[in-house]
Amino acid sequence: MKRNSLIAVIVAAVVVLIGGLAIYALNQNKSDSMESMSASDMKNMNADQSSGGSKAETAAATNSVTIEDFSFSPKDITVKVGTTVTWTNHDSVEHNVVGDSDDGPNGPLLAKDESYSYTFKKAGSFDYHCSPHPYMKGTVTVTE
Ligand code: CO
């Protein structure tokens with residue numbers, strides 16, 4: 001009987017210890033995720049400010065688009081009127097850059113490491129795709 005109650009006390013102590021550690025670990029995780037959340041919130045706020053807060057996803061400010069792994073990267077870019085945008089294909093598969101509407105880029109099929117350039121002379125939003133792979137899509141937003 002004595003030995004049994006001693007074992008019961010030890011088991012109870014271990015359970016309390018493990019419970020305390022678990023609560024401590026949970027609190028640590030909570031504060032970690034809260035910290036990372038506030039950091040990304042701040043990033044989002046900065047991004048919203050630079051894009052006028054109109055888009056949740058910021059369009060990259062570059063005039064170079066890489067074609068790789070069957071996608072355009074960055075997918076969405078923003079340029080000023082008169083900017084020449086260059087697409088370079090890094091896939092061994094041929095891709096092209098064709099505007100969804102008639103006024104926009106309309107390039108030939110590009111072999112690996114070939115490029116196509118197009119100068120945007122009007123403001124607006126230009127959606128484009130790759131004609132052999134219509135699921136490959138991108139947008140160039142042209143601002144005044
Ligand atoms: Co393609």
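## A nonpolar surface patch

Phe70, Val93 and Tyr135 together make up a nonpolar patch on the surface, with about 280 Å² of accessible area between them. Such patches consist of residues with over 30% relative accessible area and no salt bridge, where like charges are joined within 9 Å and nonpolar side chains (Val, Leu, Ile, Met, Phe, Trp, Tyr) within 5 Å; the areas come from the Shrake-Rupley method with a 1.4 Å probe, and for residues only the protein chains shown count as cover.

This is a predicted model, in which local features need pLDDT of at least 70 and side-chain atom pairs count only at pLDDT 80 or more, while totals for chains, interfaces and linings use all residues. Residues are numbered from 1 along each chain as its sequence is written, and side-chain values use heavy atoms, with hydrogens and water left out.

## Overall architecture

## Strand pairing

Strands of a sheet pair through backbone hydrogen bonds, either parallel or antiparallel; here two strands are taken to pair if DSSP finds at least two bridges between them. β1 and β4 run parallel and are joined by four bridges, with Thr66 standing opposite Thr88 in β4. β4 also pairs with β6 (residues 115–119), in the antiparallel sense and over five bridges, and in this pairing Val85 stands opposite Tyr118 in β6.

An open sheet of four strands with mixed pairing has the order β3-β8-β7-β5. β3 (76–80) and β5 stand at its edges with a single partner strand each, so one side of each is left without a neighbour in the sheet. β7 and β8 run antiparallel and are joined by six bridges, with Phe126 opposite Val140 in β8.

## The cobalt site

The cobalt ion has His95 (ND1), Cys130 (SG), His133 (ND1) and Met136 (SD) as its protein donors, at 1.9 to 2.5 Å; donors are N, O and S atoms within 2.8 Å of the metal (3.2 Å for Na, K and Ca), and sites may look incomplete because water is not among the atoms. The spacing of the donor residues in sequence is H-x34-C-x2-H-x2-M. His95, in the loop between β4 (84–89) and β5 (98–99), and Cys130, in the loop between β7 (124–129) and β8 (137–143), link distant parts of the chain, 35 residues apart, and both His95 and Cys130 are buried.

The four donor atoms subtend angles of 95 to 127° around the cobalt ion, and the arrangement is therefore tetrahedral, a label that requires all angles of four donors to lie between 85 and 135 degrees. Ideal angles at a metal are 109.5 degrees for four tetrahedral donors.

## A salt bridge between loops

The count comes to one salt bridge, under the rule that a side-chain nitrogen of Lys or Arg lies within 4 Å of a carboxyl oxygen of Asp or Glu. Lys122 forms this contact with Asp103, the closest N and O atoms being 2.9 Å apart. Lys122 lies in the loop between β6 and β7 and Asp103 in the loop between β5 and β6, so that the pair links distant parts of the chain, 19 residues apart. Lys122 is partly exposed at 48% relative accessible area, and Asp103 is likewise partly exposed, at 37%.

Terms used:
Tetrahedral: all angles 85-135°; square planar, octahedral: opposite > 155°, others 65-115°. Helix = DSSP H or I, 4+ residues; strand = E, 2+ residues; numbered from the N terminus. Buried < 20%, exposed > 50% of the residue type's maximum accessible area, 1.4 Å probe, protein only.
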